[in-house]
Each structure stands twice: as C-alpha cells, then as structure tokens.
Amino acid sequence: MDFFGIIGETFARSGFANLSWQQGVMLLISFVLLYCAIVKGFEPLLLLPIAFGMMLANLPDTGIMKDATEAATLAVQNASAALAADPTNPELVTALAKAQSELASVHWYDSGVLKIIHRGVKSSIFPCLIFMGVGAMTDFGPLLANPISLLLGAAAQLGIYVAFIFANAITVGGEHLFTAAQAAAIGIIGGADGPTAIFVTNKLAPELLSAIAVAAYSYMALIPLIQPPIMKALTTKKERVIKMGQLRKVSKAEKVIFPIVVSCVVIMLIPDTAALIGMLMLGNLFREAGCVERLSDTAQNALCNIVTIMLGTTVGATADGQTFLSLQTIGIVVMGLAAFCFSTAGGVLLGKLLCLVTGGKINPLIGSAGVSAVPMAARVSQVEGRKYNPTNFLLMHAMGPNVAGVIGSAVAAGFLLLMFKA
C-alpha cells in the first residue's frame with residue numbers, strides 16, 4: 001500500500017470519517033456547556049464534568065460507554081421469548097442454550113470505563129452517597145430558627161406536580177408521549193435535585209435516565225440564569241428591598257435531635273424515602289454530633305467530591321446523540337424547564353403571601369430558594385436581594401427554605417414512588 005493509501009485507510013478508520021450529525025450536534029452542545037462552566041462560572045463543579053462526559057461519549061468509536069453484556073443479554077431475552085411461544089421447537093432450545101453460553105463468556109469488566117462507573121448511577125449508590133455529603137454540608141439551623149421556611153420549601157415543589165400533569169397530558173397521534181410513571185420521573189426535575197431525579201427515574205422510568213439526569217443537572221447549574229427573571233417578574237420593588245431580622249440562635253441539642261426525628265417521622269410516613277432521607281440525615285448527624293469529625297469531613301469533602309466527579313461525568317456520557325436527539329428527549333427538556341420555572345414561582349408566590357400575612361417581615365425573594373439546589377438557590381436570593389438593597393443579607397434566611405426544599409423533594413420523590421412504582 002502506497003503512502004496515500006495508508007493516509008486514506010487511516011482516515012477511513014478514524015473518528016472523523018465516522019462522525020454522525022447527531023454526534024456533531026451533541027459535541028456542539030457540550031462545548032457550549034463547557035464555555036458556561038469555565039468562562040461564565042455557572043456551577044462548574046457540576047457542569048464541567050457533565051459537559052466533558054457528554055463530549056467523550058459523542059466522540060466516535062471510543063467504546064467508552066460500551067456495554068459488553070448488552071448484545072448477549074438481548075439475545076438471551078429474544079431466544080427465551082421465542083421459546084416461550086413455541087416450547088417444543090428443538091431449534092429454539094438450541095438457540096437459547098447457545099445464547100446463554102455466549103452471555104456466560106462475556107464479562108461486565110470488558111465494558112467501557114465510563115459504562116462501568118455508570119453502574120453507580122444505575123444502582124442509585126451515587127445519588128445516595130451525594131445525599132450523605134449534602135447532609136454533612138447542610139446546616140438545618142436556619143430552618144429550625146424559622147420553621148415557616150418549611151412551607152416555602154414545600155411550595156417550591158409545585159413544579160413537580162405541574163410538570164407531571166403536563167407530561168401526562170401530552171399526546172402525539174392520539175397516543176400519550178409518556179406513561180404516568182415516566183411523567184412522574186420527568187416531574188421530579190422540578191425539585192432541582194439531580195440525585196433525587198436519578199433515584200426516582202431508576203425506579204420508575206430507567207429508559208429515560210440519560211435525558212432526565214442531564215436535564216436535571218443542567219438546570220441546576222443554570223439556576224443563576226433561570227431564576228432571577230422569574231423572581232423579578234413576580235415581586236415588586238418594595239418587596240425586594242425588605243430587610244429581614246436576625247435569626248435566633250439554635251441550640252446544639254436541637255440540631256442533633258432534628259435528623260433523628262425527621263428520619264423516623266418521614267420514613268415511617270413514606271417508607272420509599274428511606275434511602276434518600278436516611279443518607280441525608282446520617283450525613284447531617286455526622287456534622288452535628290460533634291464526636292465524628294473525621295467522618296463528617298470525609299463525607300463533606302473527599303467522598304462527595306469523588307462521587308460528584310464520577311456521577312457528573314457518567315451522567316453527561318449517557319447523552320449520546322443516537323438516543324438523545326429524539327422527540328421524547330425534547331419533551332423532557334421542555335417539561336423539565338417548565339417544572340423548574342413553576343417550582344421557583346411557587347416558592348416566590350407563597351413568599352408574597354407570607355409577606356402580606358406577616359406585615360412585610362418576609363422578603364418574597366427567599367421563596368425561590370425553596371428548590372433543593374443547595375446552596376446555589378440561596379445564593380441567587382442573596383445576590384438578587386443585594387441588587388435592590390445593598391445592606392440586605394438574605395443568605396441565611398434563604399438557607400431555611402433551601403434546606404427545606406431538600407427534604408421536600410425527597411418526600412415528593414417518595415410519594416411518586418409510592419403511587420407509580422410497579
């Protein structure tokens with residue numbers, strides 16, 4: 001083979017020659033997300049690994065998300081179904097035995113490296129570990145100091161139920177685009193809680209995991225862009241400049257008892273919340289107990305950071321162009337955005353009501369922090385409040401509904417699982 005023949009053969013086998021238009025589109029999207037993370041600073045801890053994982057998965061012929069057992073497993077399922085329809089056919093018996101033999105010779109560790117790591121997402125181990133880390137980083141003091149924050153956290157789950165209704169009502173050609181279980185999984189995006197969205201989707205609609213996970217984490221990272229216009233549209237200037245009083249000091253005993261009581265009450269009420277609420281409150285107990293500083297430090301830092309890298313990268317890697325660019329995925333992205341917007345609006349509107357009831361003692365801007373993106377949503381409330389009143393310090397007041405939103409989204413997730421889990 002001459003020089004030009006070698007060059008031509010090399011190019012034919014390269015990714016450049018095998019790049020599909022779907023992969024090209026997803027690569028462009030990943031570049032935009034990388035720009036948002038690196039240049040604009042939109043929650044880079046989440047957005048950067050997601051965007052890079054998306055880029056890796058859409059580079060052609062890498063096999064980085066290849067499932068070594070998928071084809072063999074599908075062959076066994078098809079052979080089993082065929083034999084069930086015709087159990088006396090000897091050829092089908094032979095075909096099933098051959099398929100089972102081939103499956104036995106294939107090992108999971110022959111899969112792509114990100115596919116192997118992704119098992120932590122599929123099994124819900126990563127979401128639960130993230131919840132432990134979030135619990136260890138969370139101070140429930142603002143919620144205990146101002147229990148009315150719990151109402152704001154509950155109101156900010158409005159988008160979950162609105163999106164569920166919308167998704168369940170969408171029809172194409174006379175048929176529903178999503179089943180009720182799929183609609184419930186889509187709705188949970190409105191909680192602005194990536195781990196919860198993954199946990200619920202794994203149980204209700206695993207086939208939609210990639211689209212829902214990417215949408216949930218992307219919207220979480222884009223909170224500084226999405227929330228402020230809604231907050232401004234729903235509040236008056238007079239409301240935005242309200243300065244809230246200092247919160248009372250919460251005792252250590254209250255903080256220690258809180259995770260224990262919440263775990264018992266919420267899990268007894270809705271057992272399906274055990275994994276999420278249990279890990280969240282365990283992490284918080286590490287923080288507040290005062291006798292396990294090493295465990296608290298590990299959960300807050302090393303463990304949470306490691307899991308965030310693996311979860312973010314593999315969540316992004318599930319967004320391959322071949323399956324991601326579909327009508328269903330577009331519907332999920334639109335419904336997810338709607339859910340997020342309605343959740344923000346729900347918190348702000350209840351904040352306005354409480355402002356009226358308390359005679360102007362509550363700034364409605366803290367209601368937007370009721371979504372469970374901790375502490376991103378609380379920081380947005382603080383930034384927006386300072387724009388209109390430079391002396392205002394809303395961060396600690398916003399942390400109350402923010403941490404309440406974490407509990408609220410987990411409870412909403414448990415309720416949806418209770419209603420729609422097979």
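Reader: How do helix 4 and helix 5 sit relative to each other?
Author: This is a predicted model. In it, the axes of helix 4 (residues 70–85) and helix 5 (residues 90–104) come within 9 Å and cross at roughly 160 degrees. Angles over 145 degrees count as roughly antiparallel, so that is what helix 4 is to helix 5.

Reader: And is the crossing left-handed or right-handed?
Author: Helix 4 and helix 5 cross in a left-handed way.

Reader: Which residues meet there?
Author: On the helix 4 side they include Ala 72, Val 76 and Leu 83, and on the helix 5 side Leu 92, Leu 96 and Leu 103 are among them. The contact residues split into 12 nonpolar, three polar and one charged.

Reader: OK, switching topic. How many salt bridges does the structure hold?
Author: Five. One of them joins Asp 139 to Lys 255, with the closest N and O atoms 3.3 Å apart. Asp 139 is in the loop between helix 8 and helix 9, while Lys 255 is in helix 17, 116 residues away.

Reader: Is Lys 255 buried or exposed?
Author: Lys 255 has 19% relative accessibility, so it counts as buried. Asp 139, at 21%, is partly exposed.

Reader: What about Lys 387 and Glu 384, how far apart are they in helix 22?
Author: They are three residues apart, about one turn of the helix. Their side chains form a salt bridge at 3.0 Å, N to O. Lys 387 is exposed at 55% relative accessible area, whereas Glu 384 is buried at 6%.

Notes. Residues are numbered from 1 along each chain as its sequence is written. This is a predicted model: local features need pLDDT of at least 70, side-chain atom pairs count only at pLDDT 80 or more; totals for chains, interfaces and linings use all residues. Side-chain values use heavy atoms; hydrogens and water are left out. Axes are lines fitted to C-alpha atoms, for helices over the stretch in contact, and angles run from 0 to 180 degrees between N-to-C directions. Helices (H or I, at least four residues) and strands (E, at least two) are DSSP runs, numbered from the N terminus. Angles under 35 degrees count as roughly parallel, over 145 as roughly antiparallel, 65 to 115 as roughly perpendicular and the rest as oblique. A crossing is left-handed if the near helix is turned anticlockwise from the far one by less than a right angle, and right-handed if clockwise. Contact means heavy atoms within 4.5 Å. Ala, Val, Leu, Ile, Met, Phe, Trp, Tyr, Cys and Pro count as nonpolar, Asp, Glu, Lys and Arg as charged, and the others, Gly among them, as polar. A salt bridge is a side-chain nitrogen of Lys or Arg within 4 Å of a carboxyl oxygen of Asp or Glu. Buried means under 20% relative accessible area, exposed over 50%, partly exposed in between (1.4 Å probe, protein chains only).
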